2 protein chains.
Amino acid sequence: MQIDGKHWTTIWLCDDGISVGVIDQSKLPHQFSTKILRSCNDACKAISNMVVRGAPLIGVTAAYGLMLAVQEDPSDKSIEEASNQLFHSRPTAINLAWAIERVSKKLSLVDKSQRAYIAKKEAGLIAEEDISICKAIGHHGYQLFEEIASSRGPERVMEPLRVLTHCNAGWLATVDWGTALAPIYKWHRNGRKVHVWVDETRPRNQGASLTAFELASEGIPHKVVVDNAGGYLMQKGMVDIVIVGTDRTTSCGDVCNKIGTYLKALAAKDNKIPFYVALPYSSIDWSIKDSSLIPIEIRSEKEVAYIEGKSISQNSKGNSSVVRLIPEESQSYNPGFDITPVRLVSGFITEKGFVQPGGGFSEKLFSI
Amino acid sequence: MQIDGKHWTTIWLCDDGISVGVIDQSKLPHQFSTKILRSCNDACKAISNMVVRGAPLIGVTAAYGLMLAVQEDPSDKSIEEASNQLFHSRPTAINLAWAIERVSKKLSLVDKSQRAYIAKKEAGLIAEEDISICKAIGHHGYQLFEEIASSRGPERVMEPLRVLTHCNAGWLATVDWGTALAPIYKWHRNGRKVHVWVDETRPRNQGASLTAFELASEGIPHKVVVDNAGGYLMQKGMVDIVIVGTDRTTSCGDVCNKIGTYLKALAAKDNKIPFYVALPYSSIDWSIKDSSLIPIEIRSEKEVAYIEGKSISQNSKGNSSVVRLIPEESQSYNPGFDITPVRLVSGFITEKGFVQPGGGFSEKLFSI
């Protein structure tokens, strides 16, 4: 996607052919900078500190992390240790395990001398596939947008499609294009009108900082709202569709996504507004039927107690600044994700097409 | 209630007998300071800038505002102008209109020379009544807590009652005791165990700053959570009761309250958790049956784009600091309240006792 007229992806193999570049998302939206990952440890830190985030991008970063480990030491032990370290860098996104497994399986089939080459090839392939997958999600989502826009009746055909999204499932969460935002980009680039309600998505504010940054960079009309506001917007008929990504979706269709997604799904259901989940197949966890078994990351309470932004104070204007929000005597609690039960989901937009929830869901996923 | 061991109310008549003192709530939780209101204009500004806030306290402040106007000029014209100015200082809380009407009705019955005395007497009476009302809400809420605590079964009798609340409906929203928090204070003072989940309540963070401050000052166990987290807590069985206040409740029982309340009510319903509204009768709007007619305040988008907190930066440590959260190119939208339909409410706790929603609701309100 575009930043100041230049095309970027979130992650890339550097010109030296051995290190990996990423956009440092922890500094957005007020500072655009990049970071070079030179070791598997660098990759793990980038994932756990949320320099990179978003389930698909976490997967791609893990694949490159394994490449970095193998470049240093191609032994079985090194692969096992690196896989283990990467696997534990964040617990919820299933793409992480999926990418590690995919690369390490390939590595197990070849001689040590070949492993650096194979790891690089496979990581590159995963990154390229991610772009194609997101483009395909954008294509299928576009058709859905067509349906929803025309269902509003001919008198509203010229009005912008009003989309609400939670957290960031845009190109910053993937390599390019994004999942939930891919149809929005395609819609906008085709000259169709759209207006996006961006949930700020406390505590890490991925909506206010990343989604808003993405949309502003592409010149797409949007407004940031607090996470509390979505119910009001839906009650007032100001939302045509809710679309979100997912960190892990069970084969029954229960959707684990950023904390607060469930509340928006409830409001969408209560107001008869379609609620869609955009996801690559790599976000499906085929092993879990009971979504209560998905490990939910409990993150640092500091993320609730403090917030970072751009200072407007005289003596530090423009600098990044951290402020404390709660009394010194108070504690906080910070679960990172929640589960939206499949009964609240109108449908799934995958790279292969739509899947409706209900009877034989996992068979339907297989059959398209 | 207690702050550092000293008893405070949120508003008081100063020793000079003509000016009015208030706690400056816009500075909490990091700075405790007071402000003196010397004119009706001061009172209007205190209400619109949220130096005082909370529906019952807004009502009391308006009553004192009218007193300040009448002290200066007791003419009919002055009363009318002051009433009008106060009425428009904030649009949603019904207590504002209720208090203005009550005081100006009394003033209309007496000679100009008597008006300053009568206004002071009536404002004082409203403030005193507010304390009694909140105490009574605390009493009835206590009985509800008993029921809910014992319904959890004998094996959990020693566990703390887990209450989730949104925004601030504590003593800072009233003169003393609060509405939704009054039963919690009574419970705690009676030696019963309680744990409060405090919704931070973006964008103004009344939960993180005011409710947390109140609970910390009284030594009541609590944790601040982001507004997104309540659904997760309820899904995981970590909440026994949700209790909130209201800015205006229709005679059908639809509850207008701080933005985001509706989302918590949906989650409570979905997880079969009792959702209660604590309110004085002065928060009931008998004139409106259709809750969509309640004027919802659309507040400044700056409240979403910027946030204030206590700086932890080296060069400004401990100072209040404002930071920008969203990209310079992005806009925001900031509705202040939403409507929780009566179908999502388990019951109402008033100063006269419980009222269950459903058939003949407004008759029930009259009959207790």
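Two strands are taken to pair if DSSP finds at least two bridges between them, and helices (H or I, at least four residues) and strands (E, at least two) are DSSP runs, numbered from the N terminus. On that basis, chain A holds an open sheet of 4 strands in the order E13-E10-E11-E17, with mixed pairing. This is a predicted model, in which local features need pLDDT of at least 70 and side-chain atom pairs count only at pLDDT 80 or more, while totals for chains, interfaces and linings use all residues. Residues are numbered from 1 along each chain as its sequence is written, chains are lettered from A and ligands numbered from 1 in the order in which they are written, and side-chain values use heavy atoms, with hydrogens and water left out.

**The four-strand sheet of chain A**

- Strand E10 (residues 248–250) and strand E11 (residues 255–258) of chain A run antiparallel and are joined by 2 bridges, with Thr249(A) having Val255(A) in E11(A) as its bridge partner.
- The hairpin of E10(A) and E11(A) has 4 residues between the strands, and Gly253(A) in this hairpin takes a positive phi near 100 degrees.
- On E17(A), E11(A) finds an antiparallel partner through 4 bridges, and Lys258(A) stands opposite Phe337(A) in E17(A).

**The three-strand sheet of chain A**

- An open sheet of 3 strands in chain A has the order E3-E4-E5, and its pairing is antiparallel.
- Strand E3 (11–13) and strand E5 (34–37) of chain A are at the edges with a single partner strand each, so one side of each is left without a neighbour in the sheet.
- E3(A) is joined by 3 bridges to strand E4 (residues 20–23) of chain A, the two running antiparallel, and Ile11(A) stands opposite Val22(A) in E4(A).

**Strand pairing within and between chains**

- Within chain A, strand E14 (residues 306–311) and strand E15 (residues 320–324) pair in the antiparallel sense over 5 bridges, and Ser321(A) in E15(A) is the bridge partner of Gly309(A).
- Between the chains, 2 bridges join E15(A) to strand E14 (residues 306–311) of chain B, again in an antiparallel arrangement, with Arg324(A) opposite Lys310(B) in E14(B).

**Helix packing in chain A**

- The axes of helix H2 (residues 55–72) and helix H5 (residues 112–151) of chain A come within 8 Å and cross at roughly 170 degrees.
- H2(A) and H5(A) are therefore roughly antiparallel to each other, given that angles under 35 degrees count as roughly parallel, over 145 as roughly antiparallel, 65 to 115 as roughly perpendicular and the rest as oblique.
- Residues of H2(A) including Val60(A), Ala63(A), Tyr64(A) and Met67(A) meet residues of H5(A), among them Ala116(A), Ala119(A), Ala123(A) and Ile126(A).

**Aromatic pairs and charges over rings**

- A search of the whole structure finds 14 aromatic pairs over all chains, where rings of Phe, Tyr and Trp (its six-membered ring) pair if their centres lie within 6.5 Å, and planes under 30 degrees apart count as stacked, over 60 as edge-to-face and the rest as tilted.
- The ring centres of Tyr276(A) and Phe354(A) are 6.4 Å apart and the planes stand at 65 degrees, so this pair is edge-to-face.
- This pair links distant parts of the chain, with Tyr276(A) in strand E12 (residues 275–278) and Phe354(A) in strand E19 (residues 353–355) of chain A, 78 residues apart.
- Tyr276(A) is buried at a relative accessible area of 10%, whereas Phe354(A) is partly exposed at 26%; buried means under 20% relative accessible area, exposed over 50%, and partly exposed in between (1.4 Å probe, protein chains only).
- Tyr333(A) and Trp197(B) form a tilted aromatic pair, 5.5 Å centre to centre with 50 degrees between the planes.
- Tyr333(A) lies in the loop between strand E16 (331–332) and strand E17 (337–340) of chain A, and Trp197(B) lies in strand E7 (residues 194–199) of chain B, so the pair joins two chains.
- Tyr333(A) counts as buried at 18% relative accessibility, and Trp197(B) is buried with a relative accessible area of 6%.
- Lys6(A) lies over the face of Trp8(A), at 4.1 Å from the ring centre, where a charge sits over a ring if NZ of Lys or CZ of Arg is within 6 Å of the ring centre and within 35 degrees of the ring normal.

Methods
Axes fitted to C-alpha atoms, helices over the stretch in contact; angles between N-to-C directions. Contact = heavy atoms within 4.5 Å.
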